[in-house]
Amino acid sequence: MTTHPLPDVLRALEGQLVVSCQAYPGEPMRSPQIMAAVALAVVQGGARAVRAQGIDDLRAIRPLVDVPLIGLVKRGDSGVFITPTVDDAVACAAAGADVVALDGTPRDRPDGRPLRDSVEAVHRAGALVMADCGSLGDALHSVAAGADCVGTTLAGYTGERPATAGPDLELLAQLAATLTLPVIAEGRVRHPDDAAACLAAGAYAVVVGTAITHPTRITRSFIDHLAAARRPHREPVDSGAENA
C-alpha cells in the first residue's frame, strides 16, 4: 500500500514498466552513446522510466528522454557497490537523475557514512531516492533513513534470502503489505508473465533489464534452448529398396 500524494515523478510510475539500460564491463555495448540509444528505444516502446548506471551514461541519456531517469553508480561487485558514497549519490543527481538508486542495506559503506547522509544529500540536490533492498529489514532501514521508494533489487544477493528462479514474489508481497511507500519490483523479471505476477503481488512498478536490453544474454538463452532441443544426428535407415 502507498500513501498519497506522491511526488509527480513517482506517481507517473504506478503500474508501469521501468527499463534498466546497463551494459557490463568489457561488452561491446558498454558506451554512453549506445546506452542512450537503447534508452530512447525503450521509451519509444512504452517504458515510463529508465534506470541507468554511470555518470557519463546519465549525461548522455538525460537530453534524449522525457521520462523519469533513475540513476546509479556501481563501484566493484561486492559489499555496498550501488551508489556507495555520498559523493556518488550527489554526482548522479547532478548528472540528471530524477531518482538516485542507493544500496539500502545497513552494511558499512565505503565512505563510513550512514545511508541517511546519502539520502539527505540527494534530497538537497532536488532528487528522490530509490533504496535497493534485499530483505524486509533492509527496507525498514531505508524507510527510516528517508528513502522515497524501495526496490527488491538485492533480493537473493545479500545472503539474507535465497535467490529465487524468478522475481522474489514473497518478499515483494511482504514489503507491499508492510510499507506505506512505493515498492518497485526488480531482479530476475525475465518474462512478461513475471512482470504481471509482480504487479499482482503488490508491486507499484516493475523494472526489467536483462530480458529487454542485454542481447548477449538474450542470445545465449536461445542458444541454450536450441542445444537442449537438438537430437543426435541419426543416419537414415536403408530400406533395401535399391537392392530389390
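## Nonpolar cores

In this predicted model, the largest nonpolar core comprises 52 residues. Those with the most contacts inside this core are Cys-21, Val-42, Val-50, Val-100 and Val-206. Helix 2, spanning residues 32-44, gives the most to the core, with 6 residues. Another core, of 19 residues, lies apart from it and includes Ile-70, Leu-72, Phe-81 and Ile-82.

Beyond residues up to four places away in sequence, Cys-21 touches Met-35, Val-38, Ala-39 and Val-42, among others.

## Gln-53

Because its relative accessible area is 10%, under the 20% limit, Gln-53 counts as buried.

When neighbours within four places in sequence are left aside, Gln-53 is in contact with Cys-21, Gln-22, Arg-30, Leu-72, Val-73 and Lys-74. For Lys-74, the backbone nitrogen lies 3.1 Å from a polar atom of the Gln-53 side chain.

## Gly-187

Gly-187 occupies the loop between strand 7 (183-186) and helix 8 (192-200). This glycine is classed as buried because its relative accessibility is 18%, where the limit is under 20%.

Apart from neighbours within four places in sequence, Gly-187 is in contact with Gly-166 and Pro-167. Arg-230 is 43 residues from Gly-187 in sequence, and their C-alpha atoms are 30 Å apart in space.

Key
Residues numbered from 1 in each chain as written. Predicted model: local features only at pLDDT ≥ 70, side-chain atom pairs only at ≥ 80, totals over all residues. Heavy atoms only, no water. Helix = DSSP H or I, 4+ residues; strand = E, 2+ residues; numbered from the N terminus. Buried < 20%, exposed > 50% of the residue type's maximum accessible area, 1.4 Å probe, protein only. Contact = heavy atoms within 4.5 Å. Core = buried A, V, L, I, M, F, W, Y, C linked by side-chain atoms within 4.5 Å. Polar contact = N/O pair within 3.5 Å; in protein donor to acceptor, adjacent residues only side chain to side chain.
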